[in-house]
Structures are given as C-alpha cells and as structure tokens.
Amino acid sequence: MNKSNTVEQRKARESEQRRKDIIKAVRSLIKTGGAREITLRKVAEKAGFSTTVVYNLFQNKATLITQAMDSDLLDLVKAMRNSMDAKLPLLENIRRVGRAYVTFGMRHPDQYALVFMERRPHAPVESSHVEHGNSMQDPYAFACQLFADLAATGAIPAGQAEAMAQIYWEGLHGMVSLRLVFGDGEEWFQHDEFDRHLDVLIDVLMRGILHRHA
C-alpha cells in the first residue's frame with residue numbers, strides 16, 4: 001500500500017469519527033431542547049469543532065437532523081422485521097409488526113419523538129444514510145411491502161396497498177404518541193391496559209381494512 005492511500009484512509013477515518021461525534025452532539029441537544037433549538041453553532045460548540053467543520057460535513061441543519069435519525073430508523077425496522085415468523089400467515093405477521101412498532105416507540109420514547117413527533121426542517125432523502133425505499137432499511141418501505149404482499153393475496157386492491165399501509169401506521173402512531181404525551185398519570189381519561197388496548201386497536205384496524213375491500 002502506498003503512502004498516499006494510507007493518508008487518504010486516515011483522513012477518511014478521521015472524517016467519519018468527526019461525523020459520529022457531531023451526530024452524538026445533535027442527539028444530545030435534541031433530547032434537551034428539541035429539534036427546533038438546533039443550530040450549526042450550538043452543535044459545533046457541543047461537539048468541540050468549528051462551525052466550518054460541521055458545515056463541511058453536513059451543509060445545513062436539515063441534513064444534521066436527518067442523519068441523527070438514521071440509527072433510530074434502522075433500529076425500528078430491525079425490530080419490525082425480527083417480530084415476523086415465516087411459519088405464520090401474512091395477516092398474523094402484519095399484526096406482529098404493528099405490535100413491534102408500538103412496543104419500540106414505548107421503549108424508546110426519545111428516539112420515537114425525534115423521528116415521528118418533532119417538527120423539523122426536512123432534507124432530501126438522499127442526505128440520509130438510510131436508503132429510501134429499501135425495505136431492509138426504511139421502516140415505511142417495509143410496511144408498504146407487507147401490504148403489497150397482502151394485495152397479492154387479493155385481500156385488498158393493489159392500488160390501495162400503500163394507502164392501507166399508511167392508515168395502519170397512522171392508527172399505531174396515534175396510540176404511541178398519546179401514551180408518550182399523556183403518560184400513566186393522566187386524570188382526564190383512563191388508559192385501558194396496554195396489551196389489551198393494543199390488541200384491540202390492531203384488530204379494529206385490520207378488520208376495517210379487510211372489510212372495506214371485501
């Protein structure tokens with residue numbers, strides 16, 4: 001290996017480490033102040049770099065926040081995929097994936113809030129290290145693929161697969177977001193027991209989707 005290659009590899013490693021340090025700083029700042037409080041200057045100060053270094057690696061606030069979410073999206077899609085059992089019927093696996101989604105949100109409230117509940121600027125999908133539309137990395141693409149598979153059985157029209165995936169997701173998100181916002185001590189209304197409520201929610205969503213297209 002020649003000297004120039006060694007130098008380039010060292011520079012690449014250093015750049016990647018800076019990127020990781022900056023992402024760590026972004027996540028820390030978001031946890032304490034929310035995405036709207038993020039600025040390149042605050043991130044640079046938190047990470048111990050100049051604003052020039054941060055700008056050269058990320059260009060803007062939207063890209064910073066987008067890449068800060070990458071690991072959460074990968075963790076979520078992993079949890080969803082791991083919940084499936086190839087020996088079970090597709091409908092049961094869709095239910096299992098829905099349960100995994102809600103469970104992930106409840107177990108990781110900060111990560112869930114960052115990805116799905118924070119108002120933030122949006123960067124082009126190409127700026128994320130998660131490949132948009134890749135069902136192995138993108139949780140939404142994975143959910144859409146499940147409903148495309150359901151459409152292939154004739155249970156729903158192929159042209160409605162993505163819309164039904166969205167409706168399923170919106171219902172699940174509603175449960176997660178309300179539980180995270182209200183917590184267990186809300187006095188205005190009583191939460192049903194978590195597992196029972198989740199089972200009923202998934203059952204109502206799936207029965208409604210299937211009945212609509214029966």
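**Reading rings and helices**

Mentor: Please note that this model is predicted.

Trainee: Is Tyr-101 buried or exposed?

Mentor: Residues under 20% relative accessible area count as buried. Tyr-101 has 4% relative accessibility and is therefore buried.

Trainee: How is a pair of aromatic rings described?

Mentor: One gives the distance of the centres and the angle of the planes. By the rule that centres lie within 6.5 Å, the count here is six aromatic pairs. For Tyr-101 and Phe-116, the centres are 5.9 Å apart and the planes stand at 55 degrees, so this pair is tilted. Tyr-101 belongs to helix H6 and Phe-116 to helix H7, so the pair ties together parts 15 residues apart in sequence.

Trainee: Which residues do ring pairs link into a cluster?

Mentor: The cluster consists of Tyr-101, Tyr-112, Phe-116, Tyr-140 and Trp-169.

Trainee: At what angle do helix H6 and H8 pack?

Mentor: The angle is about 160 degrees, and the axes are 10 Å apart. Angles over 145 degrees count as roughly antiparallel, and H6 and H8 are therefore roughly antiparallel to each other. Their crossing is left-handed.

Trainee: Which residues make the contact?

Mentor: H6 contributes Leu-90, Leu-91, Ile-94 and Val-97, while H8 contributes Phe-142, Leu-146, Phe-147, Asp-149 and Leu-150. Of these residues, eight are nonpolar, none is polar and one is charged.

Note on methods: Residues numbered from 1 in each chain as written. Predicted model: local features only at pLDDT ≥ 70, side-chain atom pairs only at ≥ 80, totals over all residues. Heavy atoms only, no water. Axes fitted to C-alpha atoms, helices over the stretch in contact; angles between N-to-C directions. Helix = DSSP H or I, 4+ residues; strand = E, 2+ residues; numbered from the N terminus. Parallel < 35°, antiparallel > 145°, perpendicular 65-115°, else oblique. Left-handed = near helix turned anticlockwise from the far one by under 90°. Contact = heavy atoms within 4.5 Å. Nonpolar A, V, L, I, M, F, W, Y, C, P; charged D, E, K, R; others polar. Phe/Tyr/Trp six-rings, centres within 6.5 Å; stacked < 30°, edge-to-face > 60°. Buried < 20%, exposed > 50% of the residue type's maximum accessible area, 1.4 Å probe, protein only.
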